Amino acid sequence: MRLTIKNIGILAGIDESGRERVMGAEMKNLGTLTNAYLIAEEGKITSYGPMAELPEGRSDEEIDARGGVVMPAFCDSHTHIVYAGSREGEFVDKINGLSYEEIARRGGGILNSADRLHEATEQELYEEAMPRLQQMMASGTGAAEIKSGYGLSTEDELKMLRVIRRMAESSPMTIRATFLGAHAVARNYIGRQSEYVDLICREMIPAVAAEGLADFVDVFCDRGFFTPEETARMLECGAKYGMRPKIHANELAASGGIQVGVQYGALSVDHLEFTGDEEIAVLLGSKTMPTILPGAAFFLGMNYPPARKMIDAGLGVAIASDFNPGSSPSGNMKFILSLACIKLRMNPQEAIHAATQNSAYAMGLQRTHGSITKGKVANLWITEPVSSLEFIPYAYGTSLTAGLVLNGKRVL
Ligand code: NIG
Ligand code: FE
């Protein structure tokens, strides 16, 4: 199977350097080629170059990009898209003045979603979640991480992870699964938090590992949720079963989550609204990717993480949607790109690196996804004809999707 894309206005995200992530000042240098072609064979990128050098030869499929941008499909390294129902009631509560934490303390929030997920069958959850993947694809996403964490019992966590496995098997998107039993303390364990942590270590992690259902382990390490000590225990447990951490940290307070994540070799630490000099120092020199979720700060009206400071200090950062029913009910990575520019003061080239190569790194896909590199999977987002690369985040509410190629095949 050979696919040719011709008349590409700007081919963006080219990187043949072999680097696994893009750090600091390098983030603003995005490899581009104007008036280009790209060829993919058997699902992989095999060549690209100026249109004038387009090789002869027959293709099974040809796409005319009509002057649009072709870039790596977005990698969304942090989502919670398996959930039952929605929580617009809490959205109104927030408009009327309640905070995310107050809603959680009243038994809403994550526990509200857990109650509903408990009632739903695997089939119902699958049917509800698949259209969310479709919405993500419509904004240019080609790979995603999906977390459990609305089960909060062994049985319901397994149910969620089986749904994620089925989604991975039936979608053209590349999917990674994360076990997030420590998203909140289950209702029947309230007041007995340490026993809930025991349950996760003794029963949930071994059961998840026995079915091979998760690539990563996550903990919501934050004020009012799990402490750094509890987080360390669960990460140690996960490590015994080969699950690398990707953790929720410093969304609600300077929780020590970044430090514990780095200490346990987390692939990423995510959220980071409360990040200071000490946390930046800890991240520098580590292999952990700081991942910012600007959709959550936008939706909850919180302060944004200091992305500019992080990049200027030499860190690479990733951005992801956090698509979930409580704090970010959208998986539109193109909008996330705009938020990164507008609210995090990242320039468009930095934001594109954060949403592609660095977000691929944050889910362990850096060798196969996230850049225009010969030999990488041909996951490509094709935009409508645009005047420049900068136009993409600038046109913040406009779709611009003209096509999506996943595994070398056109899916949109
Ligand atoms: O990443 N912060 C913790 N978890 C999710 C929100 C989950 C929910 O409210 O349902 C997040 O924002
Ligand atoms: Fe999250």
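This is a predicted model: local features need pLDDT of at least 70, side-chain atom pairs count only at pLDDT 80 or more; totals for chains, interfaces and linings use all residues.
Asp-156 sits in helix 5, the stretch covering residues 154-170. With buried taken as under 20% relative accessible area, Asp-156 counts as buried because its relative accessible area is 5%.

Now for strand 1. This strand takes in residues 2-14 and is mostly covered, with 10 of its 13 residues buried. Its pairing with strand 2 (residues 31-41) is antiparallel and runs over 9 bridges. Within that pairing, Ala-12 faces Thr-32 of strand 2 as its opposite number.

Strand 1 also pairs with strand 4, which spans residues 61-64; these two run parallel and are joined by 4 bridges. Ile-5 is found opposite Ile-63 of strand 4. A further parallel pairing links strand 1 to strand 5 (residues 68-72), this time over 2 bridges. Here Leu-11 has Val-70 of strand 5 as its bridge partner.

As background for looking at these strands, side chains in a regular strand alternate between the two faces of the sheet. Put together, strand 1 pairs in the antiparallel sense with strand 2 and in the parallel sense with strand 4 and strand 5.

Key. Residues are numbered from 1 along each chain as its sequence is written. Chains are lettered from A and ligands numbered from 1 in the order in which they are written. Side-chain values use heavy atoms; hydrogens and water are left out. Buried means under 20% relative accessible area, exposed over 50%, partly exposed in between (1.4 Å probe, protein chains only). Two strands pair if DSSP finds at least two bridges between them.
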